[in-house]
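Let's walk through this model together, starting with the whole chain and ending at a single side chain. Keep the viewer open as you read.

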Amino acid sequence: MKKDYYEILGISKSATAEEIKKAYRKKAIEYHPDKNPGNKEAEENFKKAAEAYEVLSDPNKKAKYDQYGHAAFDGNGGFGGGGGMNMDDIFSQFGDIFGGGFGGFSGFGGGGGQRRMKGSNLRIKVKLTLEEIANGVEKKVKVKRKIQAPGVSYKTCGTCNGSGQVLRVTNTILGRMQTATTCPTCGGAGQSISSKPANADAQGMILEDETVSIKIPAGVVNDMQLKVSGKGNDAPGNGIPGDLIVAIEEVEHEFLKREGENLHYDLYISVAEAALGVSKEIEAVGGKVRIKLEEGIQSGKILRLKGKGIPSINSYGNGDLLVHINVWTPKTLNKEQRQFFEKMLTNENFIPHPEKTDKSFFEKVKDMFS
């Protein structure tokens with residue numbers, strides 16, 4: 001089982017953004033490859049700390065993690081589905097955390113403090129039916145992404161010597177201040193183009209269509225974002241590809257209404273069916289199911305079909321299907337029907353006699369959410 005992100009960083013769920021950053025920096029320094037050369041366990045702990053920080057430092061991702069756990073980012077939803085963060089990812093995204101005391105290191109990022117740019121992310125929406133959400137699905141989507149053109153070549157930037165940054169020294173009343181800024185020549189890439197084909201843009205890129213397979217876990221919710229690592233735009237030179245961000249759009253079902261893991265279905269029956277009892281076939285995400293209604297069933301009654309709802313994205317089981325009974329009253333009557341109901345006006349059996357066990361509307365709503 002995957003370790004809890006809060007446990008990895010050694011913090012509580014109530015930790016502030018500054019406490020999260022401080023805890024990550026402490027772990028990153030402890031397990032940094034420069035301090036633990038050749039130590040695979042330290043390298044794995046370093047990656048796990050970066051993974052935890054990537055989620056907990058982002059308010060939106062943190063909220064989803066707090067609600068859904070690791071399932072919100074697995075299955076192409078984050079590190080678990082996209083192959084994980086490598087060292088280049090970590091240093092390109094969180095290099096500022098190390099405060100300049102650590103840059104790139106031998107074997108990753110080109111050595112000597114050289115930075116590797118990350119390409120821009122791409123964003124798409126994927127529409128899912130309720131059935132696809134209930135069962136999980138693999139979608140193949142075509143994306144137009146920038147890739148390095150065949151034949152393009154790069155050379156080390158002469159302005160920053162490949163670091164992607166230039167140091168500026170400023171005289172202030174407090175003394176000489178040294179700051180690092182993005183190299184204006186290469187834009188932080190550390191490299192510039194030496195030659196490129198005619199169809200490439202100024203960064204040596206061309207657009208190409210690619211079919212990407214996305215594994216979507218069961219139980220996702222509307223507007224949830226999944227990530228496919230490395231399927232965004234390429235970066236110039238030896239940069240790291242960006243990611244493909246997939247936003248979930250839930251297609252409304254014709255008969256079923258979703259509420260979290262539970263589903264609601266409005267079943268309309270006639271007065272005669274309510275009085276005599278009847279067997280009815282209703283919609284469910286796994287296909288139609290048949291239910292039996294007892295004699296004298298009341299309008300407003302809610303039948304709960306256990307486990308016929310949507311699976312929990314945290315693998316806590318399925319929600320329920322709540323069937324709302326609505327007795328349909330005819331709007332017009334013929335002469336014979338009118339005479340029958342007129343006789344029933346004084347019939348003792350047709351006079352409402354709610355029992356103590358019959359719950360009010362508000363009690364039913366309360367039970368439904370309890």
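A word on conventions comes first. This is a predicted model, in which local features need pLDDT of at least 70 and side-chain atom pairs count only at pLDDT 80 or more, while totals for chains, interfaces and linings use all residues. Residues are numbered from 1 along each chain as its sequence is written, and side-chain values use heavy atoms, with hydrogens and water left out.

Of its 370 residues, 38% are buried, that is, under 20% relative accessible area with a 1.4 Å probe and protein chains only (exposed is over 50%, partly exposed in between). Among contacts (heavy atoms within 4.5 Å) with a separation of 6 or more, 65% link residues 24 or more positions apart. The accessible surface is about 21600 Å², and carbon and sulfur atoms hold 50% of that area, by the Shrake-Rupley method with a 1.4 Å probe.

Now find helix 3, residues 40-56. Its 17 residues reach 24 Å from first to last C-alpha, close to the 24 Å expected at 1.5 Å a residue, where the expected span is 1.5 Å times one less than the number of residues. The buried residues of helix 3 include Ala-42, Phe-46, Ala-49 and Tyr-53.

Next comes an open sheet of three strands, ordered 1-9-8 with mixed pairing. Strand 1 (122-128) and strand 8 (225-228) are the edges, each pairing on one side only; pairing requires at least two DSSP bridges between two strands. Strand 1 and strand 9 (residues 244-250) run parallel and are joined by seven bridges, and Arg-123 stands opposite Ile-245 in strand 9.

Finally, is Glu-283 buried or exposed? Glu-283 sits in the loop between strand 12 (278-282) and strand 13 (289-293), and it counts as buried because its relative accessibility is 18%. Leaving aside residues up to four places away in sequence, Glu-283 touches Phe-255, Leu-256, Tyr-265, Lys-288 and Leu-321. With Lys-288, the side chains make a polar contact at 2.7 Å (a pair of N or O atoms within 3.5 Å, one able to donate a hydrogen and the other to accept it within protein, where residues adjacent in sequence count only if both atoms are side-chain atoms).

How values were computed:
Helices (H or I, at least four residues) and strands (E, at least two) are DSSP runs, numbered from the N terminus.
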